Amino acid sequence: MNLTLKVLSCAPRAFEIENFLSRQEVEHIVQLASGVDLKLSSTGDITGHKETPKELQTDSRRTRTSYNSWVPREKSPIIDAIYRRAADVMRIDEALLRHRSDHTEWTNLTSTKPLAEQLQLVHYGPGQEYTAHHDFGFSRIDDQFQGARFGTLLLYLNEGMTGGETSFPRWSNAETFHELSIKPEVGKAVLFYSQLPDGNLDDLSHHAAKPVTDGEKWLINLWTWDPIYD
Ligand SMILES: O=C(O)CCC(=O)C(=O)O
Ligand SMILES: [Fe+2]
């Protein structure tokens with residue numbers, strides 16, 4: 001299988017991969033989605049506070065108005081293959097993206113937890129959005145590792161909606177002051193990094209899901225963590 005990474009931006013580091021998912025894989029995921037109960041998305045905040053269901057419904061200051069659910073890697077061989085492909089694209093060992101029973105091969109790692117989260121399946125209807133945010137959170141000040149989300153792979157499952165672009169408003173380059181705006185296309189992936197190579201968090205990775213004004217948007221988030229976390 002041939003995948004081409006197109007550089008969209010160097011600051012933040014963002015890439016596009018067309019046809020990352022085949023039509024059959026997209027159909028499989030959409031089928032999974034039709035059998036799941038999507039919940040109103042929460043974000044959590046720095047203090048670890050998660051909105052209560054009542055707060056989720058009523059708070060007009062909400063930054064994220066979509067619905068989501070989680071799909072584990074073990075759900076099907078197709079989902080497992082998506083994790084393997086994601087690992088290839090990020091040039092990391094796919095075994096790091098699942099639970100490991102011992103440390104023997106990775107003696108420098110502090111944890112045997114998977115470095116990837118479950119897939120997050122997200123649905124936006126008309127008017128729904130996720131305002132500009134970072135994907136990293138902040139660890140407690142006394143956490144010796146200060147681990148954070150490292151990379152995000154966005155996978156678009158449909159296209160043709162009005163609005164719904166993914167945008168990076170702090171895109172920094174010599175040619176334009178406009179934001180970087182990416183239109184959803186079926187099967188396309190966007191890979192971006194929330195951490196810089198030196199381990200600092202990348203403020204320029206600030207990004208938003210623009211409101212869908214007509215139609216609907218389906219997407220998957222695959223989040224990976226830096227290897228040093230508790
Ligand atoms: O929907 C998108 O385009 C981006 C979603 C996102 O940034 C997130 O869920 O963290
Ligand atoms: Fe995000």
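Analyst: The expected span of a helix is 1.5 Å times one less than its number of residues. Helices (H or I, at least four residues) and strands (E, at least two) are DSSP runs, numbered from the N terminus. This model is predicted: local features need pLDDT of at least 70, side-chain atom pairs count only at pLDDT 80 or more, and totals for chains, interfaces and linings use all residues. Residues are numbered from 1 along each chain as its sequence is written, with chains lettered from A and ligands numbered from 1 in the order written.

User: How far apart are the end C-alpha atoms of helix α3?

Analyst: Helix α3 covers residues 77-90, which is 14 residues. At 1.5 Å a residue, they should span 20 Å. The model agrees, because the end C-alpha atoms are apart by 20 Å.

User: Which residues of α3 are buried, and what arc do they cover?

Analyst: Buried (20 or more other C-beta atoms within 10 Å of a residue's own, placed from the backbone) describes Ile-82, Tyr-83 and Ala-86 in α3. They sit on the same side of α3, because the directions from the helix axis to their C-beta atoms cover an arc of only 100°.

User: Which strand pairs with β5 (residues 119-124) besides β4 (residues 67-71)?

Analyst: Strands pair if DSSP finds at least two bridges between them. β4 and β5 are antiparallel over 5 bridges, and Ser-69 stands opposite Leu-121.

User: Which elements give two or more residues to the shell around ligand 1?

Analyst: The shell (C-beta atom, placed from the backbone, within 6 Å) includes His-207, Ala-209, Leu-219 and Asn-221. The elements are β12 (207-209) and β14 (217-225).

Note on methods. A residue is buried if 20 or more other C-beta atoms lie within 10 Å of its own, exposed if 12 or fewer, and partly exposed in between; C-beta atoms are placed from the backbone.
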